[in-house]
Amino acid sequence: MNTGDPGLCVLIVEDCDDDVVLLRRELKRAGFDLTWAQVQTAEDFKATLQSQPWDVVISDYKMPHFSAPAALDLLKQSGQDIPFIVVSGTVGEAAAVALMRAGACDYVMKDNLSRLGEAVRRELREAQDRRERLQAQADLERTRELLQLAIEGSGIGLWSWHIPSGGVWANERCIQLLGYDPATTDLDLTTIDTWRQRIHPDDYDRHQSLLQAHLAGLSPTFDCEIRLRHRQGHWIWVLDRGKVAEWDQADQPQRMSGTFTDITERKQAEEERHQAAAEILHNSLHDALTGLPNRTFLKQRLELAIQRSRRYAQAQFAVLFLDLDHFKVINDSLGHLAGDEILVSVAHTLKAMVRATDMAARLGGDEFVLLLEDLDSLQEVEVVAERLLGELQRPFLVQGRAMFLNASLGIVTSLAHYQDPTEPLRDADIAMYKAKARGRGCFVLFDPSMRQHVLDRLQLEQDLRQAIDQQELDLHYQPILRLATGQICGFEVLVRWHHPQRGLLLPADFIPMAEETGLIAPLDRWVLATGLQQLTTWQRHYPHLAHLALSFNVSPQALWGEDLMPHLQDLLAQTTLLPCCLNLEIAESTLIHDIQAIALRLQQLRDLGLSLTIDDFGTGHSSLSYLHQLPVSALKIDRAFVTTMETHRHSAKIVETLITLSNRLGLDAVAEGVETEAQNQRLRSLGCDLAQGYWFAHPLPAASAEQWLRAA
């Protein structure tokens, strides 16, 4: 045996060494790298055949102790698919034909060995093709077995419907889904009508509609969840899926095949989840003790009542705020269980008094509210109030003893033109305390003079002065992103007030008062100093974010203040920040003043190196005719247009126009109030440069804002 480079492994059956040399030479000339062996007897042939894989057998027709027919027979007995080529100078045509019929692949005359290489190549290709076909058949058979196992294991039923005749074939699983034994049942499930009769009446029309839509070519597949009647009488849920598998020459459906999948457990789980969600929703909107609607539910109904009263003059409402008199005495003397029993009894009384269109709610403690809607007159409200006080004065049986209650009522009506549901509750509460002051057990109609607006305003002003001095204020930072890259380029700085009694107050709660009282100037100075100090810290920690800028809202008073310019210069000097990192946002409404003076003031700020943005742009206060005179670098599109651009064509057109205007003026367009991905994508497609809004992030405390910077 001689072993060369990997290539052709050939087993040579030949007794003449010279002929072996000729065969090898011819195969090498044909480009083969040979691994070969020579045998002359049947025993050697059988042994060598099993010694290693062979690509081809080349055999002389006749030898003293062996022959090609015998070698071919041994090869067939071995079960190996190896091309067998006869090379001989003595074989006749009849013998050659017999060998071919017996399984030989080809024969080559020794005096024409030049065709041996091509014969070997051809037979190697055909042998490879046979092996691949056999492997494919084996793979296909294995796939069929696995598919059958998968179908049986998944519990999926298979069906086929011959549409013209209405005949149906269904596998055993389809029949088992209905609770029948396929081996013993006499139920005829071979027609489409039989199956249709088992569909739940409430599902039938929907099922047929979807089916006909698919048969008409209106949907690529048929997919429907339906209920089928089980043998035991109950209903099971199945997912019925199918597709037309055969069409006739006129493009009419002939056969449809599909599956049944039992989804009963899933549907039951969904129903349980729905019930649980409904229970959670109910609990979130109702008082646990009395079962009455709670404050949240009441405010929702009040919101609707306010909206209706705006649209329809006759849709008037009233709010009756009720507080039990001396209820604390009952709790302290009889205990909280008795107190709870009284509250439940009061709740029953209130529910019995109101119409289906009204609402009785419990706010907490011994405070209840009646919302009366669709009123004809104020007298109607007074009648209800008198009846309610009379009912509450009847004895309540608590722990075997009669208890007599009294209550104070405050009343407001929609004639006050409320805008927010908290307002009527607030005023009714004020009126209720006025009723208590008048001696309890009565009702009082709210009068605006009760609100003591001036005193509250003075108190708020004092609280704000103290908040600035004692640093009860806090800054939040809303990220501003470059839409093209998603990279953060800065933050808008927004102030928050942690009021000791009122909780967290947003700018709208105190900025107008600060502007009216002159507190806006020290407030602006504090916001600027605190924000720039924070920016200095961030840039020191993240030197790669040297481009980061902060945007501050500047009030008209601060803009025209004599100390604005020196204050900004001092801040920049103290923080060593680049001036371009400070962006001032000036409300568009400020521009209605002397445009020449405004332009001069803004130019002074630009000379410091600051960036300037017109805020709330597009609200209609300014004129485009002098926009080019202002040394600003950006226009901020008002959130009112951005948040409604998906639902109002007018808003979408305004946004598109403002972005185009900004681009043509060489200004950055900044969209605020981005709340959805659709708005985000639309702004990007319009070429908007920068954006901020809840879709990206709410205003964040400094620590949370820094997390954005770490990820930048």
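This is a predicted model: local features need pLDDT of at least 70, side-chain atom pairs count only at pLDDT 80 or more; totals for chains, interfaces and linings use all residues.
**Entry 1: the aromatic pairs.** How many aromatic pairs does the structure hold? I find 7 of them. I started with Trp195 and Phe260, whose ring centres lie 5.4 Å apart; their planes are at 55°, so I note this pair as tilted. Trp195 belongs to helix 7 (residues 192-196) and Phe260 to strand 11 (residues 253-262), so the contact ties together parts that are 65 residues apart in sequence. Buried or exposed, I wondered, for Trp195 and Phe260? Trp195 is buried, and Phe260 is buried too.

**Entry 2: back to Trp497 and Phe510.** The ring centres of Trp497 and Phe510 are 5.4 Å apart, with the planes at 85°; over 60 degrees counts as edge-to-face, so that is how I filed this pair. Trp497 sits in strand 20 (residues 487-499) and Phe510 in helix 16 (residues 507-517), so here the pair ties together parts that are 13 residues apart in sequence.

**Entry 3: a cluster.** Which residues join Trp195 in a cluster? I traced ring pairs that link Trp195 with Trp159 and Phe260.

**Entry 4: charges over rings.** I then turned to the charged side chains. Lys267 places its charged end over the ring of Trp237, 4.4 Å from the ring's centre. I also jotted down Arg121, which lies over the face of Phe32 at 4.6 Å from the ring centre.

Note on methods
Residues are numbered from 1 along each chain as its sequence is written. Side-chain values use heavy atoms; hydrogens and water are left out. Rings of Phe, Tyr and Trp (its six-membered ring) pair if their centres lie within 6.5 Å; planes under 30 degrees apart count as stacked, over 60 as edge-to-face and the rest as tilted. Helices (H or I, at least four residues) and strands (E, at least two) are DSSP runs, numbered from the N terminus. Buried means under 20% relative accessible area, exposed over 50%, partly exposed in between (1.4 Å probe, protein chains only). A charge sits over a ring if NZ of Lys or CZ of Arg is within 6 Å of the ring centre and within 35 degrees of the ring normal.
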